[in-house]
Amino acid sequence: MGHLDHAAFGWLTPVLSYVMACIGAALGLRCTVRALGATGRSRRNWLLTAASAIGTGIWTMHFVAMLGFGVTGTEIRYDVPLTILSLLVAMLVVFIGVFAVGYSRDRGRALFLGGLTTGLGVASMHYLGMAALRLHGAVRYDPMLVGLSILIAVVAATAALWAGLNIKSPIAVTVASLVMGAAVSSMHYTAMFAVSVHVTPSGEALPGATAMQFIFPLAVGLGSFLFLTSAFVALSPTAGEREASASAQRPVESVAR
């Protein structure tokens, strides 16, 4: 049985992965707030940005945390197509959940179905990412902890969608994003504690790419996307700010006439 190390770089990867999850959640919530105050193409675009942010944040959180994952007695590599597929799954299921809530008239039902779909999708993303692992040995899972991780994913996804509908103020969004980041991180590490590896020593070269060759550059790229999009959203006026600006201009136009 190989010894599993979930924090090979100390607290760096757990803390950094939590920060990425929080940034993705905060950005997604802010975009959802903007979407609910918009109509037509603008609403669609804000929802697309929200889903991209949340999905990217969740995926980046997972693989930043995986940078600190190691197993004694074997190297670890990643199957590139499966890893990319896990990213696409994360974004697709979040799209479904966010759009269901953003456009449905029965928001209670949309919240339930969207949270369930998104939560199961997030869990699928995680286990697809784990299926992309290539090592000398066999990976096994504790069914109870797997079930618990899926439950946490569904609850976290439902809470995220509920927050997008009900939380408006920047302070409340910040608090909600911290809680959501903790929930996503809890899901990840619960799922990781379900893992055990039976190492089979071998001198054969493993297929795939190392974390530093593939995961690290991709995570940095997606993290940069989150930061740049956060800056764009922070500088974009809200619907309330646009209305206030328009109201302030009306008296000026009246006096000019």
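Me: What's the angle between H4 and helix H6, and how far apart are their axes?
Reply: Helix H6 (residues 170-193) packs against H4 at about 45°, and the two axes are 11 Å apart. The axes are lines fitted to C-alpha atoms, for helices over the stretch in contact, with angles running from 0 to 180 degrees between N-to-C directions. Helices are DSSP runs of H or I with at least four residues, strands are E runs of at least two, and both are numbered from the N terminus.

Me: What does that make H4 relative to H6?
Reply: That angle makes H4 oblique to H6. Under 35 degrees counts as roughly parallel, over 145 as roughly antiparallel, 65 to 115 as roughly perpendicular, and the rest as oblique.

Me: Which residues make the contact?
Reply: From H4 you have Val122, Ala123, His126, Tyr127 and Met130, and from H6 Met187, His188, Ala191 and Met192. Contact means heavy atoms within 4.5 Å. By class, this H4 with H6 contact has 7 nonpolar, 2 polar and no charged residues. Nonpolar covers Ala, Val, Leu, Ile, Met, Phe, Trp, Tyr, Cys and Pro; charged is Asp, Glu, Lys and Arg; the others, Gly among them, are polar.

Me: Before I go on, what kind of model is this?
Reply: It's a predicted model, where local features need pLDDT of at least 70 and side-chain atom pairs count only at pLDDT 80 or more, while totals for chains, interfaces and linings use all residues. Residues are numbered from 1 along each chain as its sequence is written, and side-chain values use heavy atoms, with hydrogens and water left out.

Me: OK, back to helices. How do H4 and H5 cross?
Reply: The axes of H4 (residues 107-131) and H5 (residues 143-166) come within 7 Å and cross at roughly 135°, so these two helices are oblique to each other.

Me: New topic. Is Ser86 buried or exposed?
Reply: Ser86 is buried, at 0% relative accessible area. The cut-offs are under 20% for buried, over 50% for exposed and partly exposed in between (1.4 Å probe, protein chains only). Ser86 is found in helix H3 (residues 80-103).

Me: What does Ser86 touch?
Reply: Not counting residues up to four places away in sequence, Ser86 touches Trp59, Phe63, Met125, Leu128 and Gly129.

Me: And where does Gly55 lie?
Reply: Gly55 is in helix H2 (residues 40-66), and it counts as buried at 0% relative accessibility. Beyond its neighbours within four places in sequence, Gly55 contacts Ala90, Met91 and Val94. Gly55 and Leu87 are 32 residues apart in sequence, yet 7.7 Å apart in space, C-alpha to C-alpha.

Me: How many disulfides in the whole structure?
Reply: The search finds 0 disulfides, a disulfide being a pair of cysteine sulfur atoms within 2.5 Å. Cys22 is buried at 8% relative accessible area, and Cys31 is buried too, at 0%.

Me: Last one: how many helices and strands in the chain?
Reply: The chain has 8 helices and 6 strands. Buried residues make up 49% of its 257 residues.
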